[in-house]
Amino acid sequence: MPEQTAEVVVYRTQGCPFCIAAAKFLDDRDVTYREVHLDDHANRRAVTSEILPGHDTVPLVVIGGKPVGGFMELRALDARGGLDPLLAGNAS
């Protein structure tokens with residue numbers, strides 16, 4: 001994996017299975033990320049939808065300021081070879 005230069009932010013809630021899976025996926029790849037816990041937020045759906053219109057669930061993964069989506073989108077991005085360049089700051 002190339003050196004990570006992009007900031008990674010994961011918007012999540014505590015018991016969400018897809019949030020846990022996304023965190024494990026990133027941990028397994030030694031990706032450094034910051035978590036934003038939305039458990040107590042009055043309207044967490046509005047928060048995620050504002051970042052990525054139409055995405056009103058958690059997790060929401062943002063890499064280098066670019067909203068990727070949830071766990072399934074993160075996995076798909078990796079499968080098509082797009083994760084490493086994004087982490088290296090080479091967003092396309």
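This is a predicted model: local features need pLDDT of at least 70, side-chain atom pairs count only at pLDDT 80 or more; totals for chains, interfaces and linings use all residues.

Q: Why is T48 called buried?
A: The relative accessible area of T48 is 0%. Buried means under 20% relative accessible area, exposed means over 50%, and partly exposed lies in between (1.4 Å probe, protein chains only). T48 is therefore buried.

Q: Where does T48 lie, and which residues does T48 touch?
A: T48 lies in helix α2, residues 44-51; helices are DSSP runs of H or I with at least four residues, strands are runs of E with at least two, and both are numbered from the N terminus. Leaving out residues up to four places away in sequence, T48 touches Y11, L38, H55, D56, T57, V58 and L60, where contact means heavy atoms within 4.5 Å.

Q: What makes the approach of T48 to R45 a polar contact?
A: The T48 side chain reaches the backbone oxygen of R45 at 3.3 Å. A polar contact is a pair of N or O atoms within 3.5 Å; within protein, one must be able to donate a hydrogen and the other to accept it, and residues adjacent in sequence count only if both atoms are side-chain atoms.

Q: Why does D39 count as partly exposed?
A: D39 has 33% relative accessibility, so it falls in the partly exposed class. D39 lies in the loop between β2 and α2 and touches R12, T13, Q14 and R44, not counting residues up to four places away in sequence. A polar atom of the D39 side chain lies 2.8 Å from the backbone nitrogen of Q14.

Q: What makes β2 and β4 the edge strands?
A: The open sheet has four strands in the order β2-β1-β3-β4, with mixed pairing. Strands β2 (34-37) and β4 (66-69) each pair on one side only.

Q: How do you know that β3 and β4 pair?
A: Two strands pair if DSSP finds at least two bridges between them. Strand β3 (residues 60-63) and β4 have three bridges, in the antiparallel sense. V61 has G69 in β4 as its bridge partner.

Q: Why is the pair of F18 and F71 called tilted?
A: The structure holds two aromatic pairs. The ring centres of F18 and F71 are 6.4 Å apart and the planes stand at 40°, so this pair is tilted. Rings of Phe, Tyr and Trp (its six-membered ring) pair if their centres lie within 6.5 Å; planes under 30 degrees apart count as stacked, over 60 as edge-to-face, and the rest as tilted.

Q: Why is the pair of F25 and F71 called edge-to-face?
A: With centres 6.2 Å apart and planes at 80°, the rings of F25 and F71 form an edge-to-face pair. F25 is in helix α1 and F71 in helix α3, 46 residues apart. Both F25 and F71 are buried.

Q: How do you know that R29 sits over the ring of F25?
A: R29 lies over the face of F25, at 3.5 Å from the ring centre. A charge sits over a ring if NZ of Lys or CZ of Arg is within 6 Å of the ring centre and within 35 degrees of the ring normal.

Key:
Residues are numbered from 1 along each chain as its sequence is written. Side-chain values use heavy atoms; hydrogens and water are left out.
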